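Take a walk through the model below.

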Amino acid sequence: MIRIENLVKSYTLQDKEFKALNHVSFEVKKGEIFGVIGLSGAGKSTLVRCINRLETPEEGKILINGQDILSMNEKDLSKERKKMAMIFQSFNLFNQKTVYKNIAYPLEIEGMPKEDIHKRVLELLKFVDLESKKLEYPKNLSGGQKQRVAIARALASKPQTLLSDEATSALDPANTKIILDLMRKAVDEFGLTIIMITHQMEVAKAICDRIAVMEHGQIVEQNEVEELFKNPKHPVTKSFVRGTAEKMDVSKIIESTSGGRLVTLNFDNNTAKESIVSKVIKEVDVDINILLGKITKLQNSSAGFLTVEISGKDEDIEKAITMFMKNNVTVEEMP
Ligand SMILES: Nc1ncnc2c1ncn2[C@@H]1O[C@H](COP(=O)(O)OP(=O)(O)O)[C@@H](O)[C@H]1O
Ligand SMILES: [Mg+2]
């Protein structure tokens, strides 16, 4: 288990100090895929660099199975760091080495006997389905294949934790899916724990058990994926959950309305299936004009929202809103 407590890391930018991490706390269970999502500059990479001690935070604790790696001696720290592997957006392979040699490298460093290295590399090549590429050089591989080599190399020393910093951000959707499936397989087969940094909600949603949302060096919200989608609370979370919605100019929506009440209806798994909107129109004397919406499929269910304009008499609009709320729809007033 990994427990991050009140992590603070400051940088100086144009003579001004700012906190790239501002009292960050969270906990990741063994075998969990924990997502950290945020826009560029939120502090995500700083967070992973602190966790693997490429950087030293000024305050806070990083507890791995109860032991704070910030107060460890060099020898113990080095042992702990071996249990953590990392993959990046830019793959960071050795271009002068073959696929085989790239994967063998950490094992050579460890001093593993040659025959054992050979056996392990073949296992890993099989795991990432790249046996046929073992003698190729990275320049002859696609992005997705390069990331598979990076994953094989990361797993070579049997780490307990994988830190993934935007590992799929440079890949197309098909290769992204292959990499995510591979990560899930590593969790299922080896009991790996993954901290998954991304700015893509699609990616976090597809694979994570829980997600923390970061903004300006702080975690503004964290929850299980289903819950986060059903009931996003912080504006940044809402914009991630809604995906396309954030790109729409709210003024354009308002232009297309005719003076009714603007609200966003947030549906969860159960309510989205029943056509609660038509039920309300039938029972209450209001018009409902759908302006914007998105229903997202999650791993086991779906959730979504509709931004609508409700027109009618004030008391009927109130009745309609009450009826939505009684049917477990969260109603949010738009500005
Ligand atoms: N080594 C550094 N020196 C100064 N500022 C940095 C350094 N690394 C990151 N930053 C700043 O810290 C903030 C967070 O950066 P980063 O952790 O890379 O964010 P993210 O990965 O979420 O995009 C940014 O404003 C970035 O410019
Ligand atoms: Mg980053």
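Contact here means heavy atoms within 4.5 Å. The model is predicted: local features need pLDDT of at least 70, side-chain atom pairs count only at pLDDT 80 or more, and totals for chains, interfaces and linings use all residues. Residues are numbered from 1 along each chain as its sequence is written, chains are lettered from A and ligands numbered from 1 in the order in which they are written, and side-chain values use heavy atoms, with hydrogens and water left out.

Start at Cys-50. This residue sits in helix α1. Helices (H or I, at least four residues) and strands (E, at least two) are DSSP runs, numbered from the N terminus. Cys-50 has a relative accessible area of 0%, so it is buried. Buried means under 20% relative accessible area, exposed over 50%, and partly exposed in between, with a 1.4 Å probe and protein chains only. Not counting residues up to four places away in sequence, Cys-50 touches Leu-7, Lys-9, Leu-21, Glu-55, Pro-57 and Ile-62. Gly-243 is 193 residues from Cys-50 in sequence and 29 Å away in space, C-alpha to C-alpha.

Now look at the polar atoms. A polar backbone atom of Gly-43 is 3.0 Å from an oxygen atom of ligand 1. For Thr-46, a polar side-chain atom lies 2.5 Å from an oxygen atom of the ligand. Arg-49 places a polar side-chain atom 3.4 Å from a nitrogen atom of ligand 1. On its own, ligand 1 has 560 Å² of accessible area, and the protein covers 65% of that. Such areas come from the Shrake-Rupley method with a 1.4 Å probe.

Next come two loops. Arg-53 lies between α1 and β4 (59-64). Its phi is positive, about 65°, although it is not a glycine. Arg-53 counts as buried because its relative accessibility is 18%. Asn-65 lies in the loop between β4 and β5 (67-68). Its phi is also positive, near 45°, in a residue other than glycine. Asn-65 counts as exposed because its relative accessibility is 51%.

Move on to helix α3 (residues 99-110). Its buried residues are Val-99, Tyr-100, Asn-102, Ile-103, Ala-104, Pro-106 and Leu-107. They pack against α4 (114-127) and α5 (143-155). Gly-111 follows α3, with a positive phi near 85°.

Finish in the interior. A nonpolar core is a set of buried Ala, Val, Leu, Ile, Met, Phe, Trp, Tyr and Cys residues joined through side-chain atoms within 4.5 Å. The largest has 52 residues, and Met-183, Met-196, Met-201 and Ile-211 have the most contacts inside it. Apart from it lies another core of 27 residues, including Phe-34 and Met-84.

How values were computed:
A polar contact is a pair of N or O atoms within 3.5 Å; within protein, one must be able to donate a hydrogen and the other to accept it, and residues adjacent in sequence count only if both atoms are side-chain atoms.
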